[in-house]
Amino acid sequence: MNNQRTIFITSFYGLIGRNLLATNILPTLFREAPEARVVILLPEEKQKRYQELFGSDRLIVEGVPTITETPFELFL
């Protein structure tokens, strides 16, 4: 039985994800939950940079294609 936990963090707006990851949250998570892994979901164009900054064997960076919003959706 696999007891590995996965924590998903999304980062689609501005520097929110980077500011979160630049704190001591990751070392704390990995220390408190040694079986855990973290998956960061973000726009494809940010994937390479985040992988360079934060990637490890327990931290996976996944780029997600962005959906273009219609003018009506932007208005809302």
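**Accessibility, contacts and core**

Modeller: To begin with one residue of this predicted model, E62 has a relative accessibility of 38% and counts as partly exposed.

Biologist: In which strand does E62 lie, and with which residues is E62 in contact, leaving aside its neighbours within four places in sequence?

Modeller: E62 belongs to strand β3. Its C-alpha atom is 9.3 Å from that of K46, a residue 16 places away in sequence. With neighbours within four places in sequence left aside, the contacts of E62 are V39, I40, L41, L42 and Q47.

Biologist: How many helices and strands are there in the protein, and what pattern does the protein follow along the sequence?

Modeller: The count is 4 helices and 3 strands. Read along the sequence, these elements give the pattern β-α-α-β-α-β-α.

Biologist: Which residues make up the largest nonpolar core, and which element gives the most to this core?

Modeller: The largest nonpolar core consists of 11 residues: I9, L21, L26, F30, V38, I40, L42, Y50, F54, L59 and V61. Two or more residues come from each of α2 (25–32), β2 (37–43), α3 (44–54) and β3 (59–64). The element that gives the most to this core, with 3 residues, is β2.

Biologist: Is S11 buried or exposed?

Modeller: S11 is found in the loop between β1 and α1 (16–21). Not counting residues up to four places away in sequence, S11 touches G17, R18, L41, L42, P43, K46 and Y50. The C-alpha atoms of S11 and Q51, 40 residues apart in sequence, are separated by 13 Å. Because its relative accessibility is 2%, and the limit for that class is under 20%, S11 counts as buried.

Biologist: Where is I7 found, and how far apart in space are I7 and V39, C-alpha to C-alpha?

Modeller: I7 is found in strand β1 (residues 6–10), and its relative accessible area of 28% makes I7 partly exposed. Leaving aside neighbours within four places in sequence, I7 is in contact with L29, A36, R37, V38 and V39. I7 and V39 are 32 residues apart in sequence, and their C-alpha atoms are separated in space by 6.1 Å.

Biologist: Why does G55 count as partly exposed?

Modeller: G55 has its place in the loop between α3 and β3. The C-alpha atoms of G55 and N24 are separated by 15 Å, the two residues being 31 apart along the chain. Buried residues have under 20% relative accessible area and exposed ones over 50%, so G55 counts as partly exposed at a relative accessibility of 32%.

Biologist: What is the radius of gyration of the protein?

Modeller: Along its principal axes, the C-alpha trace spans about 45 × 30 × 20 Å. For a compact globule of 76 residues the radius of gyration would be near 11 Å, but that of the protein is 15 Å.

Biologist: What percentage of the residues count as buried, and what share of the accessible surface belongs to carbon and sulfur atoms?

Modeller: Of the 76 residues, 24% count as buried. The accessible surface comes to about 5900 Å², and the share that belongs to carbon and sulfur atoms is 57%.

Biologist: How far apart do the centres of the positive and negative side chains lie?

Modeller: The protein has 8 positive and 9 negative side chains. The distance between the centres of these two sets is 8 Å.

Methods:
Residues are numbered from 1 along each chain as its sequence is written. This is a predicted model: local features need pLDDT of at least 70, side-chain atom pairs count only at pLDDT 80 or more; totals for chains, interfaces and linings use all residues. Side-chain values use heavy atoms; hydrogens and water are left out. A nonpolar core is a set of buried Ala, Val, Leu, Ile, Met, Phe, Trp, Tyr and Cys residues joined through side-chain atoms within 4.5 Å. Buried means under 20% relative accessible area, exposed over 50%, partly exposed in between (1.4 Å probe, protein chains only). The radius of gyration is taken over C-alpha atoms; the globule rule is 2.2 Å times the number of residues to the power 0.38. Accessible areas come from the Shrake-Rupley method with a 1.4 Å probe; for residues, only the protein chains shown count as cover. Lys and Arg count as positive and Asp and Glu as negative; His and the chain ends are not counted. The place of a charge is taken as NZ of Lys, CZ of Arg, CG of Asp or CD of Glu. Contact means heavy atoms within 4.5 Å.
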